[in-house]
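My notes follow the structure.

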Amino acid sequence: ERKPMGSASVSTEEEGAAQEEEETKFPDDVMERKNRGTIEEYLAQKDAKEVVLCLKDLDCTRGVVLFVKQAVLYGLEHKEADVTQLCVLLRELFQDGIATADIVDQGFKEPLSLLDDLSIDCPKAPEYMASFIAACVLADRLSMGVFELPFMSDMF
């Protein structure tokens with residue numbers, strides 16, 4: 001029986017088994033390759049509903065976290081038009097309940113931690129990150145806890 005993404009498990013034992021199954025379903029490198037192809041296809045076709053269907057079929061929270069992470073990283077390294085489209089896609093994922101606040105928080109941690117380094121090669125990366133953050137905050141999908149990263153303690 002298929003459960004909606006992000007649904008609560010009955011017990012921690014079942015939760016652990018489900019998480020273990022998720023981890024072995026697809027290795028990260030396979031999932032990342034699939035996600036990159038999905039992101040590139042979305043940017044070419046602008047069909048958010050197709051991405052929603054792909055992620056629903058995947059039925060794997062870890063896969064959605066990786067997708068969010070890769071979408072943000074992809075946008076930070078590309079052009080403003082891509083960032084705009086990826087923000088539209090994220091909003092669609094929020095509306096369809098695929099990207100919960102917890103998933104978004106997890107998906108943003110690595111891109112935020114890499115922002116300093118990324119901005120060396122991609123000077124617009126901080127500006128693009130601000131666009132992603134704004135899209136998530138406006139949709140109430142990003143908690144302030146995501147900003148509690150070690151590198152950020154030096155900023156405040």
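I worked from a predicted model, where local features need pLDDT of at least 70, side-chain atom pairs count only at pLDDT 80 or more, and totals for chains, interfaces and linings use all residues. Residues are numbered from 1 along each chain as its sequence is written, and side-chain values use heavy atoms, with hydrogens and water left out.

**Core.** I looked up the largest nonpolar core and found 44 residues. Such a core is a set of buried Ala, Val, Leu, Ile, Met, Phe, Trp, Tyr and Cys residues joined through side-chain atoms within 4.5 Å. Buried means under 20% relative accessible area, exposed over 50%, partly exposed in between (1.4 Å probe, protein chains only). Leu 76, Leu 86, Leu 93, Phe 108 and Phe 132 have the most contacts inside this core. H4 gives the most to the core, 10 residues. Helices here are DSSP runs (H or I, at least four residues), numbered from the N terminus.

**Contacts in space.** I checked Leu 76 in helix H4. Leu 76 is buried, at 0% relative accessibility. Its C-alpha is 7.7 Å from that of Leu 118, 42 residues apart in sequence. Next I took Val 104, in helix H6. Val 104 also counts as buried, at 0%.

**Surface.** I asked where Glu 50 sits: in helix H3, residues 48–58. Glu 50 is partly exposed, at 36% relative accessible area.

Note on methods: Helix = DSSP H or I, 4+ residues; strand = E, 2+ residues; numbered from the N terminus.
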